[in-house]
Amino acid sequence: MRNRLPLFAASWNRICHLVWRLFWPSVCHLTVVVALCWASFALADGFPKGRWVDLSHDFADDTLYWPTADKFHKDTVFAGETDKGYYYSAYNLAAAEHGGTHVDAPVHFGRGQQSVDQIPLQQLIGPAVVIRVAGQIPQAGKGANRNYLISVADIERWEQQHGKIEKDTIVLFDTGSAQYWPDPVKYLGTAERGKAAVDKLNFPGLSPEAAIFLADERGIKAVGLDTPSIDYGASKLFKAHRELFKRNVPALENVTNLQALPEKGFTLIALPMKIRGGSGGPTRVVGFIPED
Ligand SMILES: [Zn+2]
């Protein structure tokens, strides 16, 4: 028994060596496979850490629309217990394209320009900035003229503090109007509906000069305001719309929560309902602020 032990040990060494040589390549392959899987999981889970901000109003009976546009309607098809013993709910929706938080597609004011389904996804996703002009606009109230026009000077003042707006930026303006939502008198200037009410609209907007400056001098992707329209309430010719849309720069209207965003250093994502040939559509707009 004693002299058999070294023999056994020698054989065992040989067996181990053989097993090692046979399986080592497989172990290497396995290591590579595990590493690749881990890397892909890390990527899948690797969306930058940060905070999401909802910049959209919800759609409901009190959602504000242009005085001549159909309002949001939600009719119940069914809501309750079925005779099969489970809960079920479904609704029919109807609304104008332009109301609530929405995108204006370039075709809204430009024949042959992009419709809402034709706006490239990357046009409404990207680095964004907020330019705050609320301090220059009178608060809503009796007799207040809120038809302020955001000027090139307002943009340049922001740039002096935060640097030049880079190409392909989405530019948002905080006019302080979102605080009045959904009060039609304070937000739109009137609670009246119909054609005659259009003359009573009273809210801030973008000057045509500022629209041209942003599109031509800064090459922005899109623009957004916390008001019912890119043009101010008293506008009759909608020049800011026309100048932007001529250049295929879409506009976001009725955005909210802009005070929750930093002036710069965040990403905006706006995904409008994909209405074929539509001139605009309800949109979920969100901001993403990455962690430092
Ligand atoms: Zn619109």
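**Close-ups of a predicted model**

**View 1. The largest nonpolar core.** This core has 53 residues, and Val171, Leu172, Leu206 and Val223 have the most contacts inside it. (A nonpolar core is a set of buried Ala, Val, Leu, Ile, Met, Phe, Trp, Tyr and Cys residues joined through C-beta atoms within 7 Å; buried means 20 or more other C-beta atoms within 10 Å of a residue's own, with C-beta atoms placed from the backbone.) Among the elements giving two or more residues to this core are helix 2 (152-162), strand 7 (170-174) and strand 11 (266-272). Helices (H or I, at least four residues) and strands (E, at least two) are DSSP runs, numbered from the N terminus.

The model is predicted: local features need pLDDT of at least 70, side-chain atom pairs count only at pLDDT 80 or more, and totals for chains, interfaces and linings use all residues. Residue numbers start from 1 along each chain as its sequence is written.

**View 2. Leu172 and its contacts.** Setting aside neighbours within four places in sequence, Leu172 touches Ala128, Val129, Val130, Gly224, Val255 and Leu258. Being in contact takes C-beta atoms, placed from the backbone, within 7 Å.

**View 3. Helix 4 meets helix 5.** Here Pro208, Ala211, Ile212 and Ala215 of helix 4 meet Lys239, Ala240, Glu243 and Leu244 of helix 5. The residues of this contact split into six nonpolar, no polar and two charged. (Ala, Val, Leu, Ile, Met, Phe, Trp, Tyr, Cys and Pro count as nonpolar, Asp, Glu, Lys and Arg as charged, and the others, Gly among them, as polar.)

**View 4. Helix 5 and what covers it.** Ala240, His241, Glu243, Leu244 and Phe245 of helix 5 are buried. Their cover includes strand 4 (102-104), strand 8 (205-206) and helix 4. Just after helix 5, Asn248 takes a positive phi of about 55 degrees.

How values were computed:
Two residues are in contact if their C-beta atoms, placed from the backbone, lie within 7 Å. A residue is buried if 20 or more other C-beta atoms lie within 10 Å of its own, exposed if 12 or fewer, and partly exposed in between; C-beta atoms are placed from the backbone.
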